[in-house]
Amino acid sequence: MATIEEPSIDAPIPGMGMTHELGARPWQNAYQFTTIEEALDFYIPRLSSEEVRRKLFDVLEMGIPVTSVANSMQLSAVMEGKHSVDVGMLIIPILMEFIMLMADEVGIEYDDGMKKDKGLRESSIDLAMSRLEQAGIKGLDPDKKDTVETKEEEDTKGLMARRKA
Amino acid sequence: MALTNPAPVLYQNLLNYIKGKKEIKKTPSTGMMGFSESTGFKSKKSDSELSPAERAANYFKILKDKREEIKNGNNRRT
């Protein structure tokens, strides 16, 4: 009698050998700070220290937006198991405001990262052009707008054709 | 497009929340059936009773006010 080989449920999932066991990563354990207040007690003294302040101002003067700085800070803390992603999301605006407050106190010009770049990027134009070419529309030249050819309606013949005036 | 940095959205949302909170003003309750201000029904939430988002908004507002003060001070000097 032929036996059907049943799939083994206990078999390791692909890539399992390359991962750590559960709980080995910092973010898989209990977080060090569970509330906003605890997390801020961790961040604010660090940010206020002279060494970090100097480095932070250097980064801001380089043109790195405050949004990116705040996000990177909370993201690295999440990876270190300091606090959860939820707490991180809640403290991002507070961190941003605190960084901007420190920069304003010193009089540093910075990019807050809130302005949206509404200008068209070159890559977007190139992508649109390549898609148009793929669609079979030829003769498009971005510099010449008049080169777009419009197809004239073909003459329809037969009993049901519309008469021309 | 994937959202790689949520910071601008979060900041704007919190800013809108604070602005919205400012605009809501309590309408005065007048008339015989209106609650008087001295009634014991009015309860002010303490910080521990507020939700984490509300607490975050409070901290945010404190820092924002402080920053506005600094900005205005600098403008006056120049």
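This is a predicted model: local features need pLDDT of at least 70, side-chain atom pairs count only at pLDDT 80 or more; totals for chains, interfaces and linings use all residues.
Q: What span should the 22 residues of α4(A) have, and how far apart are its end C-alpha atoms?

A: At 1.5 Å a residue, α4(A) should span 32 Å, and the end C-alpha atoms sit 31 Å apart, so the two agree.

Q: How do I read the way α3(A) and α4(A) cross?

A: Angles under 35 degrees count as roughly parallel, over 145 as roughly antiparallel, 65 to 115 as roughly perpendicular and the rest as oblique. Here the axes of α3 (residues 66-79) and α4 (residues 85-106) of chain A cross at roughly 140° and come within 9 Å, so the two helices are oblique to each other. The crossing is right-handed.

Q: Which residues make that contact?

A: Among them are Val66(A), Ala70(A) and Met73(A) from α3(A), with Ile91(A), Leu95(A) and Ile99(A) from α4(A). By class, the contact has 13 nonpolar, four polar and no charged residues.

Q: And between chains, how many residues are in contact?

A: For interfaces, size is often given as the accessible area lost when the parts come together. Counting residues here, 19 of chain B are in contact with 20 of chain A. On the chain B side, α2(B) gives the most, with twelve residues. That side has 13 nonpolar, one polar and five charged residues.

How values were computed
Residues are numbered from 1 along each chain as its sequence is written. Chains are lettered from A and ligands numbered from 1 in the order in which they are written. Axes are lines fitted to C-alpha atoms, for helices over the stretch in contact, and angles run from 0 to 180 degrees between N-to-C directions. Helices (H or I, at least four residues) and strands (E, at least two) are DSSP runs, numbered from the N terminus. A crossing is left-handed if the near helix is turned anticlockwise from the far one by less than a right angle, and right-handed if clockwise. Two residues are in contact if their C-beta atoms, placed from the backbone, lie within 7 Å. Ala, Val, Leu, Ile, Met, Phe, Trp, Tyr, Cys and Pro count as nonpolar, Asp, Glu, Lys and Arg as charged, and the others, Gly among them, as polar. The expected span of a helix is 1.5 Å times one less than its number of residues.
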